[in-house]
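Open your viewer and get ready to select a few residues by number. We will go from stop to stop, and at each one you can look at what is there.

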Amino acid sequence: TKALASGSTVIVNFDTSVFDTDSAVTTGAGWKFTVPASHDGYYLVCCNILLESSAAWNAAEYIKIELYVDGALNTVMGSTYAQAAGTYVLSVNGATFIYLTAAQYIDVRATQNSGSSINIDADGNYSHIAIARLF
């Protein structure tokens with residue numbers, strides 16, 4: 001579980017690596033995927049983030065996820081906005097294709113602006129990432 005303070009952007013720690021044949025994933029607060037040597041290519045990155053508990057949202061407040069490459073913003077992968085004021089559990093998901101070269105690294109960062117801190121659900125069934133080298 002990772003606390004996501006309102007208005008801050010944090011690297012999402014997907015916690016454990018289920019399938020990582022090249023030991024390319026670093027877990028923890030500095031979670032990242034580093035492209036192994038000789039694995040340049042196009043990658044598909046898909047992820048989902050679920051917020052752990054309800055929050056009192058106002059209309060147009062949001063949760064978003066962004067893909068960073070070597071510490072710089074590359075793309076906004078997805079965003080979910082509260083459509084009306086109320087108490088909701090929000091999730092966000094996204095996918096993107098990206099060309100990466102050996103030793104480059106990526107991470108996913110989340111931002112929400114509900115006005116209070118919310119935890120990212122640590123259950124790998126809800127908050128997870130998949131990275132696949134296509135060619």
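**Stop 1: a salt bridge**

Start by selecting Asp-107 and Arg-109, whose side chains meet in a salt bridge with 2.7 Å from N to O. The term salt bridge means that a side-chain nitrogen of Lys or Arg lies within 4 Å of a carboxyl oxygen of Asp or Glu. Side chains of opposite charge can pair when their charged atoms come close.

Before you go on, a word about the model: it is predicted, so local features need pLDDT of at least 70 and side-chain atom pairs count only at pLDDT 80 or more, while totals for chains, interfaces and linings use all residues. Residues are numbered from 1 along each chain as its sequence is written, and side-chain values use heavy atoms, with hydrogens and water left out.

Are the two partners buried or exposed? Asp-107 is buried, with a relative accessible area of 2%, and Arg-109 also counts as buried, at 17%. Here buried means under 20% relative accessible area, exposed means over 50%, and partly exposed is in between (1.4 Å probe, protein chains only).

How many salt bridges does a search of the whole structure find? It finds two. To see the other pair, select Glu-66 and Lys-64, whose side chains meet at 3.3 Å, N to O. Glu-66 counts as buried because its relative accessibility is 6%, while Lys-64, at 21%, counts as partly exposed.

**Stop 2**

Strands here are DSSP runs of E with at least two residues, numbered from the N terminus. Strand 7 and strand 8 (residues 72-81) pair in the antiparallel sense over eight bridges; two strands pair if DSSP finds at least two bridges between them.

Now follow the chain through the turn. The two strands form a hairpin with two residues between them, and Asp-70 in the turn has a positive phi of about 50°. Most residues other than glycine have a negative phi.

Next, select Tyr-68 in strand 7. Tyr-68 is buried because its relative accessible area is 13%. Not counting residues up to four places away in sequence, Tyr-68 touches several residues, including Thr-9, Leu-73, Tyr-105 and Asp-107; such a contact means heavy atoms within 4.5 Å.

**Stop 3: strand 11**

Colour strand 11 and look at what surrounds it. Seven of its eight residues are buried, so strand 11 is largely enclosed by the rest of the structure.

Which strands pair with strand 11? Three of its antiparallel partners are worth a visit:

- Strand 2 (residues 9-11) is joined to strand 11 by three bridges, and Val-10 stands opposite Ala-110.
- Strand 4 (residues 32-34) is joined to strand 11 by two bridges, and Thr-34 stands opposite Tyr-105.
- Strand 7 is joined to strand 11 by seven bridges, and Ile-65 stands opposite Ala-110.

**Stop 4: the nonpolar core**

Select Leu-51, Ile-65 and Val-108. These are the residues with the most contacts inside the largest nonpolar core, which has 30 residues. Strands 5 (41-50), 6 (55-57), 7 (62-69), 10 (91-100), 11 (105-112) and 12 (118-120) each supply at least two residues of this core. The term nonpolar core means a set of buried Ala, Val, Leu, Ile, Met, Phe, Trp, Tyr and Cys residues joined through side-chain atoms within 4.5 Å.

Zoom in on Ile-65. Leaving aside its neighbours within four places in sequence, Ile-65 is in contact with residues that include Cys-47, Ile-49, Val-76, Met-77 and Val-108.

**Stop 5: a patch on the surface**

Switch to a surface view and select Tyr-42, Phe-97, Tyr-99, Leu-134 and Phe-135. Together they form a nonpolar patch on the surface with about 580 Å² of accessible area. Such a patch is made of residues with over 30% relative accessible area and no salt bridge, with nonpolar side chains (Val, Leu, Ile, Met, Phe, Trp, Tyr) joined within 5 Å and, in patches of charge, like charges joined within 9 Å. Accessible areas come from the Shrake-Rupley method with a 1.4 Å probe, and for residues only the protein chains shown count as cover.

Phe-97 is found in strand 10 and counts as exposed, at 59% relative accessibility. Leu-134, in the segment after strand 13 (128-133), is partly exposed at 39%.

**Last stop: a loop**

Finish at Ala-103, in the loop between strand 10 and strand 11. Ala-103 has a positive phi of about 80° although it is not a glycine, and at 57% relative accessibility it counts as exposed.

Technical notes. Helix = DSSP H or I, 4+ residues; strand = E, 2+ residues; numbered from the N terminus.
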